[in-house]
Every structure is written in C-alpha cells, then in structure tokens.
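Hi everyone, thanks for coming. Please have a look at the structure on the screen, and then I'll walk you through a few places in it.

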Amino acid sequence: MVCDQCRENDAKVHLTQIVENAVTQVHLCERCAAERGIETSGSVEQNPLGDFLQAVQQQTAQYPGDASRCAYCGTSLRDFRSSGRVGCSHCYGAFEQSLRELLRRVHGSTRHQGWAYTARDPEIMTKELTLQELRDKLQRAVQDEAFEVAASLRDQIRGLE
Amino acid sequence: MTVDLSLLPDGGLHWLGASGDHAGIVLSSRIRLARNLAGFAYPTRAREGERLRVLHSLRDAASKLPSLRDAAIVRVDECTPQQRLLLHERHLVSRELAGLDRKDEAPTAGAVFVTGGAGLMVNEEDHIRLQVFRSGFDIPGALREAERMDRELGSELPYAWHQEFGFLTACPTNTGTGLRASVLIHLPGLVLTQEIAKVLQGLQHMGLTYRGLYGEGSDVLGNFFQISTQTTLGRSEEELADQLVRVVRRVIEREEEARRVLLRDAGYIIEDKLWRAYGTLSHARTLPADEAMNLLSGVRLAAGLNLISGLSVYTLNKLLIFSQSAHLAQLEGRALTDGEANLARAKYVRQVLANEARLAG
C-alpha cells in the first residue's frame, strides 16, 4: 500500500480518524507520519545506537546533491554508513541531504531550537569554508584534468593558508 | 611521565557529597554537552598533529577562562592503565577515552580537564565533551553551570556550527544541542516490587533511555540506573532537561511508594534481607565486585528506610566508587589480581563500616 500523502513510499502507519462522526482511514509512510507529528511505536527506540546504525545503513539512495566523499577529511559516504560517524564539520555539507533525512528520522526534526551561537571570530569560519570550497574545486579540476584551472586554484588556496 | 591524580580538585568527586535534593535516591545529576572546534577533523578522523593542536588550543583557552583556569589537566595517554581505569570509575573519563575497549591503549592527545564540579573530556568522539555534575537531583543547577562554561569556551574558541543543524558532532545522534541530561538513580524498591520493567518501558515512551552505572553498554548492577535524554535536536536545552526532570520526579514518587508498600506488606522479610546484607559487608573476608554492589544496594535501601541508623549517604556513595578495582589497587599501592582485589575490597568495606558505626555509636 502506498502512502496517501507522498504517494511514493510504502504506508507503514495506518490511522483511523474520526472527524465529525465520519470514520476515515489514513495510510502514511513513517516519514509523512512524522511530519504530521504522529508518534509511532517505530519512533520509540529500544536500542538507540543499534537502531540508529540500522537507519544509517538502510539509506541506500545517494541523493543527487551529495558527494560520495568529503573533500576535506576524506570520509566517504560508505565510511559514514558503516560507522555512523562523520569525520568533520564539512561532512555535513558534503552529505547534507543524507544527513538531513537521517536527522529527521532520529530526532523527528532537523532544526536546532536551542542556544544560539555566534563565533568569536566569524572570519575564521568563513575562511575555512572558502578554503574548503576551493579545495573541492581543485579536486574536481584535477579529476577533470583541467590543469590550468587547478594551478590557479592551488595559488588561491596557498594565498589563504 | 607520571601523572599524580591526587592533584584533582575534590578528587573529581564533588558529586558524591550527597548534598542535593533526594540524595538518598538520586546519587547525581549530570549535563553533558558535545562540541567540536571549527577547522579540525573530528578526533576519530584527525591525524595525531591535529589532535595535539586541538588539545593545545583548549589548554590555552582554558587558562584564560574563570571557570577552567584552575582545572587540573590530565593527559589520559600519559596515564598508566590503572590510572585510566580509576578516572573511568570516577565517571570523569568514558570507556572510549580511557582506552578500555582497545587493548590498553588510550587515544593520542586524549585528556580530561577537571574542576570541582565539572570535567571536560578532550579528543573523545568529539573534540569536547563537557560534563557538569551535581550531587543529588539538580538538573537545572547543572544545566546553568554547563551553559555558563559553554558560553565562556565558545567565545574563546570557534565551535563547529551550522545555521540549521546547530552544534555539529561526530555522531548525528548528538547533533543540535549536543546535550545529554542524566541522573544516576537507585531504584531497589521498584526492582523488588517487580514494577521496574513497566517504569523502564514508560521511560522509552517518553523519549528517554536508561543504562547501567557506567553508561553505554554497562550492566545494571546494584539497582543503579542512569536515566537520560536521547533526542538532541528540535527542542531547546531547557525543554529537553525539563522533560527528564518531570519524568524522574515521577519515578522518585513511584520508588518511594514501592518502598512504603514493601515495608507495609513484607516488613520483617525486607528487614531481615537488608540486615543480612549489612552483616555480610561488615564481616566478609572476600567480596567480589558484583556481590559488593548488590549488598551495598541493600544497605543503601536499609538506610533510606531508616532501618539502619548512623550510616550517611555520603559514606554509601563513597563505598560505591572506592570499592572498585582501580581504587583498591591505588589504596594498596600495587596492581591486584581479581582474588587479591576481592580480599582488599572486603577489608576496605569492613573498615569503613566499622568506622561509621564507631562514629554513630
């Protein structure tokens, strides 16, 4: 049975709703159920780490926007799926869609609602990000054998470092 | 290089003081925050040099901060295996950082900064694991202190941060607030009345989880449980901590109720069982660790029911930690085989109880 909402995934949650004395049946996949704020027994985890690892490994689809490897620390999507740990902050950018989906499954939300943080020296972080982007581009340029581009990128990286 | 653990402020055991609310039932309250520094790979992925740079940045930052200026810094990778076990027995260092799961090998540049009521683990799964401990049931107090220390540290060093996801951690189960609020709680009444399974199941329905005395993967011994939050994203630190407080308050009520029922319906059976536990602890010549833990649980219950007087909660807390093997080895000044540790444990427990009885007498 297909989910009534997204019409894509298998419906796992079967709800009987009574609205104005009319009984209706709603069939949802776990994700759509979670979006509607419906708690299922599946969202209560008895063995959090085990279930979590299972959730990571079950994610077989590679999202189109996701890299297969983090250019900064070298962690691959496969490494992440087998260990359940990312290697650095840049992995959150490299595997953003997979991680967003996973965070939604584990926490029921992807949006931080806690203490706000402003870095003492935001420039450090901006510089790190720029460097990171340049390194990504450099790697791609080398893969594509675009050596002129690569040389110019390398100079920019050296300048920033 | 040798490390002198006697220099730890309060021995890192401030939380044993038995001073807070419901201290007979709730031994301690703890807030843990997971943080990483921007610009470095996370410890499991980082090279040795990077791990050292993380440690040095933290040491420099700590020297400038009021809350960490006087912290004792212990390089775990320079400790002997026995010292690492001792730090773990005091809850200052996780199994992972103590290298207990890997053949006696502590991670490079692994360290712990210890102040009176807090510990900061460095280069564990994340660069920073800040832990604030409070004696008794005081989650809000621990949270306030953790927030203060976190703000100080975060204004000195750039944390790994994401606009949408919040604080970034090695494991996505900690992403967002990086918070785990927990209590170490003694529930013999619920175990004896066999209500515990229902209570633990209830916890899970409330989004909380439980473990044994020594956290992840440890057995439930002596009716001691760690009840903790699990979710870290989508709710504020205060909301997450408050959820734990509300549930634990209810668990305490049920434990107290179970104890009343036990006394009412099985008074002399319980009394006999607990006095026997006290008798064994006071006179045994050899005590295996598990047995000691279970007997201590009985004596703790007896004190809570006012069956045995003159036994302070502080002494009972202390017995729980100091009767563990690395502490006994330190006391005896040498490494002990299991058999020797059992002898040393019996001797130590006997002495402490005799002393306490003399003081009360």
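Predicted model: local features only at pLDDT ≥ 70, side-chain atom pairs only at ≥ 80, totals over all residues.

**A walk through chain B**

Residues are numbered from 1 along each chain as its sequence is written, chains are lettered from A and ligands numbered from 1 in the order in which they are written, and side-chain values use heavy atoms, with hydrogens and water left out.

A helix here is a DSSP run of H or I with at least four residues, numbered from the N terminus. Just after H10(B) comes Gly333(B), with a positive phi of about 75°.

Now to the loop between H2 and helix H3 (95-98) of chain B, where we find Ser94(B). Is Ser94(B) buried or exposed? Its relative accessible area is 17%, so Ser94(B) is buried. The Ser94(B) side chain reaches the backbone nitrogen of Leu97(B) at 3.1 Å. Leaving aside neighbours within four places in sequence, Ser94(B) is in contact (heavy atoms within 4.5 Å) with His88(B), Met121(B) and Glu124(B).

Next is Arg95(B), which lies in helix H3 of chain B. Arg95(B) has 36% relative accessibility and therefore counts as partly exposed. Not counting residues up to four places away in sequence, Arg95(B) touches His88(B), Leu100(B) and Asp101(B).

Last stop: how do H7(B), residues 237-283, and H8(B), residues 289-304, pack? Their angle is about 130°, and their axes are 9 Å apart. Axes are lines fitted to C-alpha atoms, for helices over the stretch in contact, and angles run from 0 to 180 degrees between N-to-C directions. H7(B) and H8(B) are therefore oblique to each other; angles under 35 degrees count as roughly parallel, over 145 as roughly antiparallel, 65 to 115 as roughly perpendicular and the rest as oblique. Residues making this contact include Leu274(B) and Tyr278(B) of H7(B), and Leu295(B) and Val299(B) of H8(B).

Note on methods
Helix = DSSP H or I, 4+ residues; strand = E, 2+ residues; numbered from the N terminus. Buried < 20%, exposed > 50% of the residue type's maximum accessible area, 1.4 Å probe, protein only. Polar contact = N/O pair within 3.5 Å; in protein donor to acceptor, adjacent residues only side chain to side chain.
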